[in-house]
Amino acid sequence: MVQFLGKAQIENISIYMGDDLMMRLRKNLILLIVVSLPLFLMACNKYKEEAPFFDGLFLEYSSSGIPVTYEVSVTDNNEFKITETKKHKVFDDEIELYHVDAQGIVVKGSWKESEGYFSPIWIPINEMEVGDTFKYNGGDKYKIVKKDRWKKWNVLVIKGMTLGEERYFDLNTGFWVGLHGKGMGRAVTIVLTDTNADIPTVEE
């Protein structure tokens, strides 16, 4: 005996099949997220080396005669706050803040473009290789070009792929020791002049 389904039964079956399909899609989506998230995080956090920051750390640079100081303090949530101060003779001091995690990545900054990248003062040189490219100091892309000698330091040299300036990082500590490039049609040099980190300065 053949039985025909009524309209209400057909609607119930359609609703059930729709709900079942949605449940399966949700499960598949959750599974995809669970599998993909660790891979995504690994890709975002290629470098695992911890930054050698400590409470009270400071680094002072000379930028065309203008002193630029970075001071580090520990925050309540075990992150670090880096305060950048540029002192001017005529204008007010320029101050920028970076909140960074244990790997030296900016998690919150005075300008949003810096978030997710290394702060200006340190990179994980022990895990980096010549030829690597990475985003640093506000999102510009840099390429590691060579190991070299610059002034009194053995350095890892990175080159900006937009402006073409070279930045130099001490091979022992990873701290930034200087920069050479061009700005507004003239040569620009920044050099480390004072610090309480375990690294010599140009004036010693």
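**Close-up views of a predicted model**

The protein has an accessible surface of about 13,000 Å², and carbon and sulfur atoms hold 56% of that area; areas follow the Shrake-Rupley method with a 1.4 Å probe, and for residues only the protein chains shown count as cover. This is a predicted model, in which local features need pLDDT of at least 70, side-chain atom pairs count only at pLDDT 80 or more, and totals for chains, interfaces and linings use all residues. Residues are numbered from 1 along each chain as its sequence is written, and side-chain values use heavy atoms, with hydrogens and water left out.

**View 1. Overall make-up of the protein.** Of 204 residues, 35% are buried, meaning under 20% relative accessible area with a 1.4 Å probe, protein chains only.

**View 2. Strands 3 and 4 of the protein.** Strand 3 (residues 80-86) and strand 4 (residues 94-100) run antiparallel and are joined by seven bridges; strands pair if DSSP finds at least two bridges between them. Leucine 97 in strand 4 lies opposite threonine 83.

**View 3. The hairpin of strands 4 and 5.** Three bridges pair these strands in the antiparallel sense, and valine 106 in strand 5 is the bridge partner of valine 100. Five residues separate the two strands of the hairpin, and glycine 104 in the turn has a positive phi of about 80 degrees.

**View 4. Surroundings of glycine 109.** Glycine 109 belongs to strand 5 (residues 106-109). Beyond neighbours within four places in sequence, glycine 109 is in contact with Leu97, Tyr98, Ser114 and Glu115, contact being heavy atoms within 4.5 Å.

How values were computed
Buried means under 20% relative accessible area, exposed over 50%, partly exposed in between (1.4 Å probe, protein chains only). Helices (H or I, at least four residues) and strands (E, at least two) are DSSP runs, numbered from the N terminus.
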